[in-house]
Amino acid sequence: MSADGSILTPVVDGPSATQADAGFVLKAWGWAWPKALAIVLVLGIWQVVVWSGWRPTYVLPSPGETLQTLWGMLGTERFWSAIQTTMIRAVIGFALALVIGTAVGVLVARIRPLRLAVGSLITGLQTMPSIAWFPLAILLFGLDEQAILFVVVLGAAPSIANGVISGIDHVPPSFVRLGTVLGAKTVSLYRDIVLPAAMPAYVAGLTQGWAFAWRSLMAGELLVIIAERPSLGANLEFARQFSKAPLLLATMLVILIIGMLVDGLFSSYARSMRRKRGLEVA
Amino acid sequence: MTVAAAVAGDVGLALPILSICNVGKVFGRGDDSTVALQDVSLDVAAGEFVTIVGASGCGKSTLLNLVAGLDQPTSGTMQIGARVAFMFQEATLLPWMTARQNVALALKLRGMPKRERQGRADELLEAVRLEGWGDKRPHELSGGMRQRVALARCLAQDAPIVLMDEPLGALDAMTRDHLHDEIEHVWRAQGLTIIFVTHNMREAIRLGDRVVLMGSHPGRIVYEESIPLPHPRVMDSPDVATRAASLTARLKDQGHAHVG
């Protein structure tokens, strides 16, 4: 009995180094040009609206002026301290939501009565606009960090929990059977089979959770402005109060870019995971 | 070859490693209930290769699930004298793991220390002629190779009894022939007891020391026969074909006789 060539034919071939380099450049280009085109389109439409004279330029500045303001803003200490404050809030809020959402998700997915009790509540919370929580949050915690964190966590945790639940629900029954046959007990079944199998849905939940966290955080920073503590949201509010339209738009651009960058990180992680599992062609 | 022949000859004398006695299985209750298995009795000797053949829905998979402990019988008794490994119809490899990790998971779950797992997993992959493929993920392997990894994982459970539930049903004829060789090879090399379920009569005769026929509605054993043909057998040989024809005829007769 000999190993048969037709069976052992490799399905994939490792590309050589130069091929890989060329492939990378091509891939980067393929990734970059649609985005560049989108940016050019948006700036173009914006410029056309400005030229149309629909609003005076001290209210709606041109893209050029805004980008110039943005460039100048990047050199100020106030801007970087605002970024720092905002990002620390985002990271802490998201981390808390991650822990709480994951724990709640696993419990709800595993315990039937709990699922019946709070399963739909979680989805309900997800549809609730997080800004509606702020009056209560401010009453509970005052105009302080905790109020913002409270709302960020409430905004993001339901999405994360739902990701966990749908991930666990959609684990193929054959994987669970396999685990049983291989002798997995509850803990090992979850650690080695169920949770890894649920990862794609979990990461989708995290991506959505991030979007909610970022929205909630911006709403919070607009409402809960703490003296002597600049943040992106507070900067927006100041720019409006002092009618600094270019600063307002520049800050909005920064908020958009940060949100997209973090979302891009999640998406690229999700993509690489799907590719590894053969769910997506490279 | 001589080993297998000797084992086949001793079937009547050897102590059964697996004894199924008047087992019945009913799904559901009352009017909705379905009798999946009725009064099934089967003794399997240590080292024996038993193939079970029947139409789909005859309860052969249910029988394997009962032996594997995935389900409980409604009536009757089962004595299983050793640990049981299971090979599914689909390879059921975990897509986030490499071939080696899939095999190593079985080692992990039976308590092998981490430092020994990788080496042992590679040995097992070598045993199914997949040396050098350990780092590939399931989607990078062909259907036949995936089923080989599943076979390696099955061997990793280090269980004397191996249950196989139509593991080659989804493969093309050539790949299936190679896997027959593979399975026969590990069966002899490791002195396994194998119960192999299939709906393909020739496959059953190609592999089995003994072929057990199952009828449907309700699922039951209608006939069994020892296969004294010398190994290695070829699925398309006249010997196998003749026996397959006669056993298929018998399965049809018995099935109808019982259903009335």
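Predicted model: local features only at pLDDT ≥ 70, side-chain atom pairs only at ≥ 80, totals over all residues.
Good morning. In chain B, the C-alpha centres of domain 1 and domain 2 lie 23 Å apart.

Let me set out how the two domains are assigned. Domain 1 of chain B is made of residues 1-82 and 160-221, while domain 2 of chain B covers residues 87-159.

How many residues of domain 1 of chain B are in contact with domain 2 of chain B? There are 19 on the side of domain 1, and they meet 14 residues of domain 2. On the side of domain 1 of chain B that touches domain 2, strand E6 (161-165) and helix H6 each supply at least two residues. The largest share of that side, seven residues, belongs to H6(B). By class, the side of domain 1 of chain B that touches domain 2 holds 12 nonpolar, four polar and three charged residues.

I turn now to the contact between the chains. Chain B contributes 27 residues to this contact and chain A contributes 22 residues. On the side of chain B that touches chain A, three helices of chain B give two or more residues: H3 (99-109), H5 (143-156) and H6 (173-190). Which of the elements gives the largest share of that side? It is H6(B), with four residues. Divided by class, the side of chain B that touches chain A has 13 nonpolar, eight polar and six charged residues.

Notes: Residues numbered from 1 in each chain as written. Chains lettered and ligands numbered in written order. Contact = placed C-beta atoms within 7 Å. Nonpolar A, V, L, I, M, F, W, Y, C, P; charged D, E, K, R; others polar. Domains from an automatic or database assignment.
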